[in-house]
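These are notes for a colleague who is new to reading structures. Please keep the model open and find each residue as the points come up.

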Amino acid sequence: MTDLQERPAGVLGSRLLRREDPALLTGEAKYTNDLNVPGALHLAMVRSPYAHARITSVDLSAALAVPGVVAAYSGADLAGLWAGPMPCAWPVTEDMKNPPHYPVATGTACYVGDGVACVLATSATAARDAAELVDVQYEPMEAVVDLEDALSDRVVIHTDLGTNKSYQWDLKIEGEPGQVDAAFAAAAYTVKERYVQQRLIPVAMEPRAVCAVPQPFGGDMTLYSATQVPHILKVMTALTLGIPEHQMRVVAPSVGGGFGSKLNVYAEELLCVALARKHGAPVRWNETRSENHLATIQGRGQIQHIELAADADGKLTAVRVRLLADMGAYLQLVTPGIPLLGAFLYAGVYDLPLAYDFSCTSVFTTLTPTDAYRGAGRPEATYAIERAMDALADTMGIDPMELRRRNFIRKEQFPYTAMTGLVYDSGDHDAAATKAAELADYDGVRARQAAQNVPGAKKVIGIGQASYFEMCGLAPSRVLASLNYSAGGWEAATVRVLPTNKIQVVTGTAPHGQGHETAWSMIVAEKMGVAPEDVDVLHSDTAIAPLGLDTYGSRSLPVGGVAIAMACDKVIDKAKKIAAHQLEADEADLEFAGGTFSVKGTPDRALPLAAIAFEAFTAHNLPDGMEPNLEAHTTYDPPNFSWPFGTHICTVEVDTETGQVDVLQYVAVDDCGVQVNPLIVEGQVHGGVIQGLAQALFEEAVYDDDGNLKSGTLAEYLVPAASDVPSLTLGHTVTPSPTNQLGVKGIGEAGTIGAAPAVINAVVDALSHLGVRDMPMPASPQNVWAAINAATQGASK
Amino acid sequence: MIPAAFDYVRAGSAEEAIALIGEHGEDAKFLAGGHSLLPLMKLRLAQPSVLVDIGRVEDLSYIRDAGDHIAIGALTRHMDVEKSPLLAEHVPLLAHAAGHVGDPQVRHRGTMGGTIAHADPASDLPATTLALGATYVAQGPNGTREIAAADFYQGFLESALAADEMLTEIRVPKMGGAGWSFQKFNRRAQDWAIVGVAAWRRNGDSGVALVNMGSTPILATSVSGALAQGASVSDAAQLAAEEAEPQSDLNASPEYRVHLAKVLVRRALEQASA
């Protein structure tokens with residue numbers, strides 16, 4: 001069920017159908033793999049079957065004998081092609097350890113799937129057949145799979161580093177020295193919890209795909225890639241390969257989802273470009289689904305220790321967090337920064353005094369590298385604090401909803417300067433929780449639960465809540481600087497009125513399923529008084545949209561969308577000068593509404609934007625000194641993160657005989673500020689919630705002790721289908737962001753952030769009468785059954 | 001995702017298919033719906049040199065009343081088994097179970113004969129036909145023979161079919177109004193069962209077979225034996241795993257599988273007895 005709220009009259013806020021969908025749904029949309037590139041050579045990778053092995057020899061002769069094979073290379077053969085190692089753009093500490101990482105490994109393979117050789121052929125099938133014939137000799141070494149084992153340095157993976165520890169990053173905030181320890185010493189209640197964020201495979205519907213096309217003369221190179229970050233990829237490819245940046249063009253055609261996994265610079269992208277240069281021919285590569293499980297980054301992978309101290313009323317007095325984060329075998333583009341994106345959110349939505357002690361230690365393992373995955377650090381943080389709040393409520397013997405209400409940052413405290421120094425500009429957690437509780441019939445479920453969850457009951461119910469703040473709209477560039485991030489957080493936009501009053505928008509965002517073309521056209525339509533269909537949105541090609549910082553971290557609307565609105569304002573300002581000139585009126589006397597400038601109080605003295613657009617084009621009668629054409633460019637650097645928030649409530653039924661969890665109801669009340677298009681907002685919440693619910697109940701990248709991925713196909717890695725998930729009950733509150741003119745906050749990750757803790761809190765709540773206090777993710781039937789057994793056997797002893 | 005090279009030939013009749021298989025030898029495989037074989041080939045876990053496509057052999061797609069049993073042609077799609085009025089009347093357990101195979105795409109392409117011949121212990125219909133006491137008809141160069149389901153499953157993905165034999169028909173006894181139940185326990189609707197139970201019960205007689213509880217589909221004879229001797233449903237269900245040799249995988253340890261089998265057999269018998 002969807003909560004349809006009253007809609008505003010204008011374009012903004014209407015449920016306009018997505019203009020992207022007809023092409024996507026009919027198969028007309030062109031993905032990278034659909035591009036017809038005559039003469040392209042096909043790349044196939046040879047991947048290590050060992051998690052950790054010395055490469056003693058690479059024999060390419062059998063591969064080279066396959067008809068159609070043009071070339072085959074070991075890592076050593078390619079060493080001369082790289083101006084530098086693959087990039088990590090987030091050196092979070094001065095002394096962070098970062099092993100050199102090249103597109104094809106040379107001495108040592110460090111995870112199953114690590115590229116150790118490659119083949120180029122005139123067809124994809126010949127390349128694949130030949131790759132099977134490359135004879136690589138390995139000397140296997142011990143795998144490092146467990147994070148605590150990695151930290152012990154029992155086996156050091158990158159021997160030159162001398163340790164598996166990449167960095168330690170601390171954030172300790174105290175009003176007075178020793179406040180955290182003192183708070184724990186004086187606390188009426190404390191809880192100390194350990195949670196495991198299992199590794200997740202992002203599973204974008206479109207696997208990665210790359211096609212590098214060199215120009216025959218002059219050295220220009222076009223890289224087509226299924227990427228979220230064409231602009232970042234352009235810079236990084238230029239730097240890594242020593243190509244002058246102005247000769248690199250990156251195009252992201254239709255991209256079938258990313259969830260963070262395409263926010264990266266991958267070996268195959270660099271290889272395709274390097275080999276296209278070397279061979280003077282286009283080189284393309286399409287990832288198979290199996291490769292996607294092994295060689296595309298994975299998400300999460302953390303062990304979290306969280307401690308809460310509270311006074312007799314349950315008011316939090318201190319939070320202490322120790323993270324152990326799995327980097328995987330190498331640092332990819334932003335791998336080390338992911339846990340730190342959560343560092344500021346471990347106090348959740350609660351009014352914590354200056355008593356916070358956070359430390360993150362990150363380690364290498366012989367597993368696929370980790371990196372950004374929907375929410376990136378923030379779902380992990382929210383999970384820990386929201387699970388720990390339930391544990392605290394359990395310890396105190398009070399309802400977890402009541403405990404949260406006692407601790408919420410209150411509406412009147414906004415703008416609220418958090419203990420981390422970040423300013424939460426707006427919020428109303430009590431309102432969101434109240435609305436969610438109403439939709440979920442919280443009190444009614446509690447009453448049913450009391451009757452149903454009796455000893456021996458085979459079906460029991462539970463209700464779980466998660467309230468969250470999302471730090472998104474990445475990001476104020478100066479804040480990123482303080483975190484050692486190597487780029488800014490601005491976004492660029494150009495708005496151009498064509499002679500016939502059609503409008504072109506050029507954006508630096510790079511949509512891959514979000515519906516930016518629809519949403520951005522609505523913003524422009526609202527601002528300029530034109531119809532959305534008269535607005536074209538150009539993006540994801542660095543030759544057309546040269547400036548941008550791409551799409552991730554729920555940033556596109558609160559940064560990129562706001563930039564477009566600001567560019568519209570500049571165009572309107574210029575148009576107003578032209579209107580004043582032609583109407584022989586004072587600029588201050590003009591108003592702009594519905595696409596027309598008119599003199600206040602004299603509505604018949606008016607000039608539509610269409611007329612001004614044509615005047616600007618002909619330039620026959622412009623104010624003295626004014627440049628022709630109506631076009632404006634803006635680069636917007638947000639003054640603050642944006643702060644969406646909300647409360648999710650999940651009701652489950654658990655079969656105590658089999659351990660099966662059924663979600664009876666899922667309520668999500670999200671506040672993303674002003675909604676440009678509620679249809680798109682709901683789609684984002686649906687997808688996000690299901691992805692979070694999938695972490696809670698279904699998905700896990702499972703490795704054996706030798707570092708082999710056991711969930712290597714979609715038969716073992718359980719992405720839920722529509723038949724496996726509940727209908728969602730959505731509601732929202734609207735608290736406009738005070739930091740941007742649209743009042744928008746972003747909604748791409750909210751669902752994922754709220755869902756996992758809400759679901760697990762519900763499962764634990766359903767079983768609490770049996771003595772169950774925690775539940776590993778995913779709460780698979782076997783894990784639930786084991787937890788019930790452990791609790792009931794423990795109780796009988 | 002790109003299979004190794006293979007040759008492809010299409011057979012117009014069962015006789016031609018058997019002759020082609022004989023001609024191409026051990027590395028040749030029959031291709032019917034392809035929903036088990038092709039994924040294995042794409043992962044290069046199977047690399048047959050020749051595929052003999054029997055998908056167009058039209059006279060092997062039928063569901064007929066044959067007196068005391070229903071005869072089902074080997075190329076009958078799961079969807080046709082699921083929707084068959086004849087099966088709904090006489091073998092409702094099989095029609096119901098066919099509706100739980102894979103997902104709609106699989107059910108529209110996959111065939112009854114293919115899933116039996118593949119002999120996957122995790123598949124729904126081998127165990128279901130085993131519980132029902134079905135007989136399979138195999139055709140080879142020297143004619144046809146009947147194989148009882150109880151004798152058919154010989155090991156993991158191994159059946160009593162000779163290399164040059166083709167499964168042509170499945171004969172399922174009519175259930176005569178027996179109570180029945182199909183319990184499929186899994187995490188996603190489209191998945192193979194973690195444990196499944198097909199069961200029927202009529203007076204003192206019963207048939208209970210287990211999905212994914214060993215290297216073959218398992219006939220739970222101890223359960224039926226106990227019921228025949230008057231044991232209660234819950235006592236009989238405790239014997240559910242007597243014949244099983246459950247394996248471990250990501251979804252379930254052997255201990256959990258045994259537990260599930262007992263719970264699901266009890267639930268199946270309760271439903272079949274209602």
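1. L157(B) counts as partly exposed, because its relative accessibility is 33%. The residue sits in the loop between β8 (153-155) and β9 (158-159) of chain B. L157(B) is not a glycine, yet its phi is positive, about 60 degrees. Most residues other than glycine have a negative phi, and most peptide bonds are trans. Bear in mind throughout that this is a predicted model.

2. A positive phi in a residue other than glycine also turns up at S540(A), with a value near 65 degrees. S540(A) belongs to the loop between β21 (535-538) and α16 (556-583) of chain A. Is this residue buried or exposed? S540(A) is buried, since its relative accessible area is 1%, and buried means under 20%.

3. Two cis peptide bonds deserve a look. One runs from F414(A) to P415(A), with omega near -5 degrees. P415(A) is placed in the loop between α11 (400-407) and β16 (416-417) of chain A. Another joins L474(A) and A475(A), and here omega is about -10 degrees. A475(A) is part of the loop between β18 (459-469) and α14 (477-482) of chain A.

4. In chain B, turn to helix α8 (residues 124-131). Eight of its eight residues are buried, so the helix is largely enclosed by the rest of the structure. Among the buried residues are D124(B), L125(B), P126(B) and T128(B). Just after α8(B) comes G133(B), which has a positive phi of about 70 degrees.

5. Chain B is split into domain 1 (7-53), domain 2 (58-173) and domain 3 (179-273). How far apart are the centres of domain 1 and domain 3 of chain B? Taken over C-alpha atoms, these centres are separated by 34 Å.

6. Over all chains, the search of the whole structure gives zero disulfides. C88(A) is in no disulfide, and the nearest cysteine sulfur, in C360(A), is 13 Å away. C88(A) counts as buried, because its relative accessibility is 18%.

7. The largest nonpolar core holds 178 residues, and F358(A) and Y666(A) have the most contacts inside it. Helix α19 (residues 750-767) of chain A provides the largest share of this core, 12 residues. At least three residues of the core come from each of domain 1 (32-141 + 207-255 + 262-295) and domain 2 (302-474 + 640-796) of chain A.

8. Follow the chain on to the loop between α19 and α20 of chain A, where M777(A) is found. M777(A) counts as buried, because its relative accessibility is 5%. The C-alpha atom of M777(A) is 6.8 Å from that of Q695(A), although the two residues are 82 apart along the chain. For another pair, L133(A) and D371(A) are 238 residues apart along the chain, and their C-alpha atoms are separated by 32 Å. L133(A) is in helix α3 (residues 124-133) of chain A and counts as partly exposed, at 42% relative accessibility.

9. The second largest pocket has a volume of about 750 Å³. It is lined by 35 residues, and those closest to its centre are V196(A), Q198(A), R199(A), E700(A) and A701(A). Which element gives the most to this lining? β8(A) does, with four residues. β13 (302-310) and α20 (781-796) of chain A each supply at least two residues. By type, the lining of the second largest pocket divides into 17 nonpolar, eight polar and 10 charged residues.

10. Rolling a probe the size of a water molecule over the atoms shows where empty space is left. The count here is five cavities of 30 Å³ or more. The largest cavity contains about 100 Å³ of space. Its lining has 15 residues, with R47(A), P103(A), Y111(A), A267(A) and E268(A) nearest the centre. Each of β1 (41-47) and α7 (267-279) of chain A supplies at least two residues of that lining. The lining of the largest cavity divides into eight nonpolar, four polar and three charged residues.

Key:
Residues are numbered from 1 along each chain as its sequence is written. Chains are lettered from A and ligands numbered from 1 in the order in which they are written. This is a predicted model: local features need pLDDT of at least 70, side-chain atom pairs count only at pLDDT 80 or more; totals for chains, interfaces and linings use all residues. Side-chain values use heavy atoms; hydrogens and water are left out. On a 1 Å grid over the protein atoms alone, a cavity is a set of points where a 1.4 Å probe fits but cannot get out, and a pocket is an open set with protein on both sides within 12 Å along at least five of seven lines; lining residues have an atom within 4 Å of a point. Grid points are joined across faces, edges and corners, and a volume is the space filled by probe spheres set on the points. Ala, Val, Leu, Ile, Met, Phe, Trp, Tyr, Cys and Pro count as nonpolar, Asp, Glu, Lys and Arg as charged, and the others, Gly among them, as polar. Domain bounds come from an automatic or database domain assignment. A disulfide is a pair of cysteine sulfur atoms within 2.5 Å. Buried means under 20% relative accessible area, exposed over 50%, partly exposed in between (1.4 Å probe, protein chains only). A nonpolar core is a set of buried Ala, Val, Leu, Ile, Met, Phe, Trp, Tyr and Cys residues joined through side-chain atoms within 4.5 Å.
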